[in-house]
Amino acid sequence: MSRIILTESEISRIRSLYNLNEESNKADFGYGYNGKPAGQDIFDYIREWEGFVKHVYDDGYYPPKRYYISKGRPKGTLTIGYGTTNPSEIEKYLNKNITEEEKNITEEEAKELSRKDINKAAEYVKEWQSQNPDKRKLTKGMYMALIDMAYNRGRTNFLQSGVLTQIDNGNYKEAANTIYPAGSGIWGHKDRLITDKKLFCQEGVCD
């Protein structure tokens, strides 16, 4: 997904929206598989980090640079809207037979594409939980952090993550450390990983 870099004030705003400045000791392990959904919060959380870009861009550059087929092979991953990288969707907006205006996605269209992508990431998390539901119970914060990880890494890399191994071991603190600092440079921007770690530990599970 995209690598939009946020300012310190934007990062602080995201953390305050999800009460990440303080941990709570009220842990509810009832989210995900056969449990409660993350709700609108997960859509807002991921979209805040991804940012909206109306045209196809190469995420190998910052700030985002509009991509044209004539530029040849992209440096990174071609992306549009709120971090959508689906090749079939990208191809639609690169069609040489449409106008320049038609090559731009609307924010509502981008939200719909991201809704599908985020729901798919949530399904990856629930798929993992379903294999051992008694051992893989999640709080809302843990569930949201894992959805964000699945959204960024894709199904295969997510299911092979050391974060999941540590959860299976009941070592939530080490699972959080596997998100950051161990995950630094592997997936996601540093500030996003730090915030995911805080989200994972939000209900006091890492104490």
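Predicted model: local features only at pLDDT ≥ 70, side-chain atom pairs only at ≥ 80, totals over all residues.
**Entry 1: the pocket**

I looked up the second largest pocket and found about 150 Å³ of space in it. Rolling a probe the size of a water molecule over the atoms shows where empty space is left. I then listed the residues that line this pocket. Asp58, Tyr61, Lys65, Arg66 and Tyr67 are among them. The lining also includes Lys71, Gly72, Arg73, Pro74 and Lys75. Sorted by type, the lining of this pocket has 6 charged residues, 3 nonpolar ones and 1 polar one.

**Entry 2: salt bridges**

How many salt bridges does the structure hold? I wrote down 10. Side chains of opposite charge can pair when their charged atoms come close. I followed up some of the pairs.

**Entry 3: Lys36 and Asp28**

I found the side chains of Lys36 and Asp28 joined in a salt bridge, at 2.3 Å from N to O. The cut-off for a salt bridge is 4 Å, so this pair counts as one. Next I looked up the accessibility of each partner. Lys36 has 37% relative accessibility and is partly exposed. Asp28 is partly exposed as well, at 32%. Buried would mean under 20% and exposed over 50%, so Lys36 falls in between.

**Entry 4: Glu123 and Lys126**

I looked at helix H4, which covers residues 107–130 and holds both Glu123 and Lys126. Their side chains form a salt bridge, with 3.1 Å from N to O. How many residues apart are Glu123 and Lys126? They are 3 residues apart, which I noted as about one turn of the helix. Glu123 is partly exposed, with a relative accessible area of 44%. Lys126 is also partly exposed, at 24% relative accessibility.

**Entry 5: Arg155 and Glu127**

I then looked up the salt bridge between Arg155 and Glu127, whose closest N and O atoms are 2.5 Å apart. This pair links distant parts of the chain, 28 residues apart. Arg155 sits in helix H5 (residues 140–159), while Glu127 sits in helix H4.

Methods
Residues numbered from 1 in each chain as written. Heavy atoms only, no water. 1 Å grid on protein atoms, 1.4 Å probe; cavity = no way out; pocket = protein on both sides within 12 Å on 5 of 7 lines; lining within 4 Å. Points joined across faces, edges and corners; volume = space filled by probe spheres on them. Nonpolar A, V, L, I, M, F, W, Y, C, P; charged D, E, K, R; others polar. Buried < 20%, exposed > 50% of the residue type's maximum accessible area, 1.4 Å probe, protein only. Helix = DSSP H or I, 4+ residues; strand = E, 2+ residues; numbered from the N terminus.
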